[in-house]
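Me: Hey, can you walk me through this one? I'd like to start with the contacts.

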Amino acid sequence: MAITKINEPALPSGTVLQTLSTTKSDTFTATNLAAGAVSDITGLSVNITPISTSNKVLVFYSVQGVSEAASRVVNFATTLKRADTQISIGDTASARIRVTNFISIRADANDQNVGAVVAYNYLDSPSSTSELTYEVGLKNIQDTALTYHVNRTYGDADNANYRPRATSSITVMEVAG
């Protein structure tokens, strides 16, 4: 049986050409992240080399994490980056910090089982055939430095209930333009 190679330009728009994914199962901590600062989440990135400059890259990510805010208000924000540049972030509005997405949860002051998940998808038009790195960063949206954790809860005692470990992931798909 002969194998016929499909010519990429002949594929209809919207065809998925390649899919790449990274899953992070270990924990990550950004210690004393300054207000407004970004910390790349080690191991939560993926590289893709588009076939054509007219193609798009569909990015999906999901991050489980928590901040160590003393009040147990969990302000957990992420930013999507391509080649060290933040993409798909909110508009400028006075002194507000621009992020890709965030979640804010208030828990009981003694609750160390706090955690949250942020998930996002974005259709990027990179206009490139060079290798691209997409990564997720944590962004501190508080007015003071905080410590952030990924894939674990605020409390992390080994003998306690309700303190699970989780996974975070990033997936990219090249889509014919």
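This is a predicted model: local features need pLDDT of at least 70, side-chain atom pairs count only at pLDDT 80 or more; totals for chains, interfaces and linings use all residues.

Me: OK. How many helices and strands are there in the protein?

Reply: There are 0 helices and 11 strands, and along the sequence the pattern reads β-β-β-β-β-β-β-β-β-β-β. Both kinds are DSSP runs numbered from the N terminus: helices are H or I with at least four residues, strands are E with at least two.

Me: And how many aromatic pairs does the structure hold?

Reply: It holds 2. Rings of Phe, Tyr and Trp (its six-membered ring) pair if their centres lie within 6.5 Å; planes under 30 degrees apart are stacked, over 60 edge-to-face, and the rest tilted.

Me: Why is the pair of Tyr61 and Tyr120 called tilted?

Reply: Their planes are at 45°, so the pair is tilted, and the ring centres are 5.9 Å apart. The pair links distant parts of the chain: Tyr61 sits in strand E4 (residues 56-67) and Tyr120 in strand E8 (residues 116-124), 59 residues apart.

Me: Is Tyr61 buried or exposed?

Reply: Tyr61 is buried, at 4% relative accessibility. Tyr120 is partly exposed, at 22%. Buried means under 20% relative accessible area, exposed over 50%, and partly exposed in between (1.4 Å probe, protein chains only).

Me: What about Phe76 and Tyr148?

Reply: That pair is tilted too, with ring centres 6.3 Å apart and planes at 50°. Phe76 is in strand E5 (residues 73-82) and Tyr148 in strand E10 (residues 146-150), 72 residues apart. Both residues are buried.

Me: Switching topic, what is phi of Asp84 near?

Reply: It is near 65°, a positive value in a residue other than glycine. Asp84 lies in the loop between E5 and strand E6 (85-87) and is exposed, at 59% relative accessibility.

Me: And Ser88?

Reply: Phi of Ser88 is near 50°, again positive in a residue other than glycine. Ser88 belongs to the loop between E6 and strand E7 (101-106).

Definitions and conventions. Residues are numbered from 1 along each chain as its sequence is written. Side-chain values use heavy atoms; hydrogens and water are left out.
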